[in-house]
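These questions and answers go through a few features of one structure. Please look at the sequence and the model first.

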Amino acid sequence: MKSVLKHIIAKNKKEENDYKLARQVEIDNPKTTDDRRNFLKKTALGGIAMTSMMGLGIEDTIAQTTSKVSRMSAPSDLKITDMRYALTSVMGGTAIIKIETNQGIYGLGEVRDAADVRYALFLKSRILGENPCNVEKIFKSIKQFGGPSRQAGGVCGVEMALWDICGKAYNVPAWQLLGGRYRDKVRMYADTPEASSPEEQKKLIEYRTKEQGYTWLKMDVSIGELRGKPGTVVNSKFWENDRGVLAQWGDRRNMMSYGNTMHPFTQIQITEKGLDELAQIVENVRNMVGYDIPISTDHYGHFDLNNGIRLAKKLDKYRLAWFEDMVPWQYHEQWKTITEAIETPTTTGEDIYLLKDFKPLIENRSVDIIHPDLASSGGLLETKRIGDYAEEYGIAMAMHQAGTPVSFMSNVHCAAATQNFLALEHHSVDLPWWEDLVTTVGGFKMIDKGFATVPLTAPGLGIELNEDVVKEHLHPTDKSFFKSTKEWDELRSHDRTYS
């Protein structure tokens, strides 16, 4: 028995020595890539002796001990080497960014809908050479360059891409890195645009509920519906543009236009006749949908809290899911006044950046539901923190989303990891090619009967770009498609915010 054991040990040692020699030869070979060389240096082969004693050959042993090791990933040695972008035509121009590393792993992020991609490119010189798995460290260094709404697009896009890289490096889904999941699928609400007629509205609703299986809808209740109806709005003529319209989105060339003027400062009022007209629109939709499906509302117009309360009281009987953005989010005391005056839940938050500006709304219970847009609120981790903070005060979280599948899947991972989550917006229901912009890792169905699938094993965000489809749907103003951005490599300022 002893002689047999000695023979096995001697054989095992010879195999180990032979492998070490072969390993060193490969390390010393100038044709060996840096990634492979680092892997050979760092991958421990402890246990070969024992497995050889159990009858496994050296090849089998190596295969077994390295079967779950990514040859392209040594996370502690990852470095950011590049950032590039492609400007899609989604929502009038939404940029997907790609952050690349020294190990071939890349991450996808998104600059919020219609925001300038330079919000992200500005950050490139500040993250080159950093380890992308240090997500919080990088976020803290660049968050000073974000701001409310679309000004946050660069910071949030980078943060999304970092989690995508980190998940790929460690071979786990992003939700796992956020602390685990509460759900395997994420409920969605479909935005239902205004239609030219009740018949057209019904067609849009049935497409969403019957064909696509959505269980939650959202509609606009806009004073734009009162155009051409005399006696419905006070003071409208002062604010109408040259087409006779109260332009909800404003005119970038005229900062004094109606859409660029905060709600308390227009003195627009809705008459009783106007309230009746808007109530009839909501009643028509409620009759089409029934009461089994929640209906949220948004985009009323720029009028003050008093008119907001009057409108809400008129519509309370229809049991709407929420009133959204009735006044600007900054006026948390006005929000509290509205919330305490009406029965329908209130919500705001799609333009708020970071937890610190959600705190007054949450701590004062100014709204019933918070509504962050992850592409503005700070990315995955910050949005989860916002949800967790709201949960402590008994406040739920819905999520605004109007971008490409990149921000969509970022939201799905965050929603899966946040307990007090209600529903996630999908704003591109009517774009037949929208889902085809990406392929899912492992082939899971991204959207299934009004719910988003939480990828249980796919690493990172769980998607890869379908480049041919993305190229078909680039914005006409920029067809560059991930061209070099070397002009953004050089850091030209000292960014520290203290002396």
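Q: Is Phe122 buried, partly exposed or exposed?

A: This is a predicted model, in which local features need pLDDT of at least 70 and side-chain atom pairs count only at pLDDT 80 or more, while totals for chains, interfaces and linings use all residues. Residues are numbered from 1 along each chain as its sequence is written, and side-chain values use heavy atoms, with hydrogens and water left out. Buried means under 20% relative accessible area and exposed over 50%, with partly exposed in between (1.4 Å probe, protein chains only). The relative accessible area of Phe122 is 34%, so Phe122 is partly exposed.

Q: What kind of aromatic pair do Phe122 and Phe145 form?

A: Rings of Phe, Tyr and Trp (its six-membered ring) pair if their centres lie within 6.5 Å; planes under 30 degrees apart count as stacked, over 60 as edge-to-face and the rest as tilted. The ring centres of Phe122 and Phe145 are 5.1 Å apart and the planes stand at 75 degrees, so this pair is edge-to-face.

Q: How many residues apart in sequence are the parts tied together by Tyr189 and Trp322?

A: Tyr189 and Trp322 make an edge-to-face pair, with 5.4 Å from centre to centre and 85 degrees between the planes. Strands (E, at least two residues) and helices (H or I, at least four) are DSSP runs, numbered from the N terminus. Tyr189 belongs to strand β4 and Trp322 to strand β9, so the parts that the pair ties together are 133 residues apart.

Q: Which residues of helix α15 (residues 355–363) are buried, and what arc do they cover?

A: The buried residues of α15 are Leu355, Phe358, Leu361 and Ile362.

Q: How is helix α8 oriented relative to helix α17?

A: Axes are lines fitted to C-alpha atoms, for helices over the stretch in contact, and angles run from 0 to 180 degrees between N-to-C directions. Angles under 35 degrees count as roughly parallel, over 145 as roughly antiparallel, 65 to 115 as roughly perpendicular and the rest as oblique. The axes of α8 (residues 153–170) and α17 (residues 380–392) come within 8 Å and cross at roughly 100 degrees. Therefore α8 is, relative to α17, roughly perpendicular.
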